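This report goes through a protein structure in short sections.

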Amino acid sequence: MIQAAILGFGVVGSGVLEIIKEHADHFSGKAGGVLNVKYILDIRDFSAHPMAELFTNDFETILNDPEVSVIAEVIGGVEPAYTYTKKALLAGKNVVTSNKELVAKKGTELLKIAKENGVSYMFEASVGGGIPIIRPLNQCLAANTINEVMGILNGTTNYILTSMFKKGKSFETALKTAQELGYAERNPEADVEGIDACRKVAILASLITGKEVNPEKIYTEGITKITLEDIKAAEKMGYVIKLIGYIQMCQNRLFARVSPVLVPNNNPLAVVEDVFNGILVVGDSTGEVMFYGKGAGKRPTASAVVADMIDIAQNRPKGKFMWTENDDKDFMMDISESSSQFFVRVKDVSEEAAEKIFGKIIVSKSDEFEMAFITSEMNEKEFEDKKKLLGYGNILSCIRVHR
Ligand code: HSE
């Protein structure tokens, strides 16, 4: 019998309990014994819950119980999750988590502590919800040099953009539905401003490079400025707008960015809709490999948390997911060093005037006052200079275009 504890009984925590209870028999073969939830930590009152006897609000009870060998931290946020995780690892307990904020911000230290104490810190659920991506990157694609990753990594924003595109819904209505469906973060700003996707990019980039990637160094732009007009103009030109997390290795340097991007209809990520996530990984031997599935929600995320618990029970892996500190100040490329094509929507600007500044452009007119166009590829700095010439007051929006 493997004794486990769940820290946090929110959307994901309740999903973890449900899956373990429903599939206990099925796991006993895979986990080399029954996986049993001995404690659930939550400060709220669950005295009316059918399994009320499992609940505690005292972390020390769990920490000091030598029978507990696996802890699922699904509280989210940095504190108290960080303190609990650190104490658990130092006490020789394995920890699995869906907490991307904690993994992105404190992963380097927690992985080191886990290694020093001969236990595991695992986080399959932190990126892509129910999609296996951490393990495949770390194991199945281990023989590859990963040159590029392009992903829809946030279910909430993909749900919002899909609702705007397909149903003409407003941003606010679509966000509210995503929150009701349990996809959104506690603070939806983390979703809509791209912060959640940025944390996931930091985790993937750290895994790929084996070096810590600070999420604060990743250029991040959310979807709050995207309008129905942008979506319609992009559609006319054969594109959909997606929030894309992008990672590229350029020689030995890393370029990482989160931003809305116009994705051409023939790109596999263009058909990733609603709460689904899609991650396109380019390995030097495999070429493109695509991962697709539900990126948020109770059961998909809980499924990945429980898979890590089973892996620990079955294999007792140590240091499986790993990266280390990174002192190289020149490791990450700045956004100003990158180039893109740009979609620009303007008012009161003629095609001729735009062409005079940008050279050859692809144009889509909506009426005699407004038009949208796509530029040729240029450096970010060059684009800023051209925007100035066009006149900031005439620009309605600017969005990068995927090659
Ligand atoms: N808020 C996140 C999302 C949850 O919408 O993708 C899963 O990480």
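## Salt bridges

A salt bridge is a side-chain nitrogen of Lys or Arg within 4 Å of a carboxyl oxygen of Asp or Glu. By that rule the structure holds 27 salt bridges. This is a predicted model in which local features need pLDDT of at least 70 and side-chain atom pairs count only at pLDDT 80 or more, while totals for chains, interfaces and linings use all residues. Residues are numbered from 1 along each chain as its sequence is written, and side-chain values use heavy atoms, with hydrogens and water left out.

One of the salt bridges joins the side chains of E67 and K38, at 2.7 Å from N to O. The pair links distant parts of the chain, 29 residues apart: E67 is in the loop between α3 (59–63) and β4 (68–73), and K38 is in strand β2 (residues 35–41). Helices here are DSSP runs of H or I with at least four residues, strands are runs of E with at least two, and both are numbered from the N terminus. For exposure, buried means under 20% relative accessible area, exposed means over 50%, and partly exposed lies in between (1.4 Å probe, protein chains only). E67 is partly exposed, with a relative accessible area of 45%. K38 is partly exposed as well, at 24% relative accessibility.

## R400 and its partners

Which side chain meets R400 in a salt bridge of 3.2 Å, N to O? That partner is E221. R400 lies in strand β17 (residues 395–401) and E221 in the loop between β8 (219–220) and α11 (228–236), so the pair ties together parts that are 179 residues apart in sequence. E221 has 24% relative accessibility and counts as partly exposed, whereas R400 is buried, with a relative accessible area of 6%.

R400 also meets the side chain of E380 in a salt bridge, at 2.7 Å from N to O. E380 belongs to helix α14 (residues 380–390) and R400 to strand β17, so this pair ties together parts 20 residues apart in sequence. Both R400 and E380 are buried. Elsewhere, salt bridges that share partners join E18, E22, K298 and R299 into one network.

## Helix packing

Two packed helices are described by the angle between their axes and the distance between the axes. The axes are lines fitted to C-alpha atoms, for helices over the stretch in contact, and angles run from 0 to 180 degrees between N-to-C directions. Helix α5 (residues 100–116) packs against helix α10 (residues 195–209) at an angle of about 50 degrees, with the axes 9 Å apart. That makes α5 oblique to α10; angles under 35 degrees count as roughly parallel, over 145 as roughly antiparallel, 65 to 115 as roughly perpendicular and the rest as oblique. The crossing of α5 and α10 is left-handed, a term for a near helix turned anticlockwise from the far one by less than a right angle, with clockwise being right-handed. K100, E101, V103, A104 and K105 of α5 meet D196, R199, K200, A202 and I203 of α10, where contact means heavy atoms within 4.5 Å. The residues of this contact divide into four nonpolar, no polar and six charged. In this scheme Ala, Val, Leu, Ile, Met, Phe, Trp, Tyr, Cys and Pro count as nonpolar, Asp, Glu, Lys and Arg as charged, and the others, Gly among them, as polar.

Helix α7 (residues 155–167) and helix α8 (residues 171–180) have axes that come within 9 Å and cross at roughly 135 degrees. These two helices are therefore oblique to each other, and the crossing of α7 and α8 is right-handed. T156, Y159, I160, S163 and M164 of α7 make the contact with F171, A174, L175, T177 and A178 of α8. Its residues divide into seven nonpolar, three polar and no charged.

## Backbone and single residues

Most residues other than glycine have a negative phi, and most peptide bonds are trans. The peptide bond from E79 to P80 is cis, with omega near 5 degrees, and P80 sits in the loop between β4 and α4 (81–90). D274 has a positive phi of about 55 degrees although it is not a glycine. D274 is in the loop between β10 (253–264) and β11 (276–283) and is partly exposed at 31% relative accessibility.

P132 lies in the loop between β6 (121–122) and α6 (134–140). Not counting residues up to four places away in sequence, P132 touches E124 and F291.
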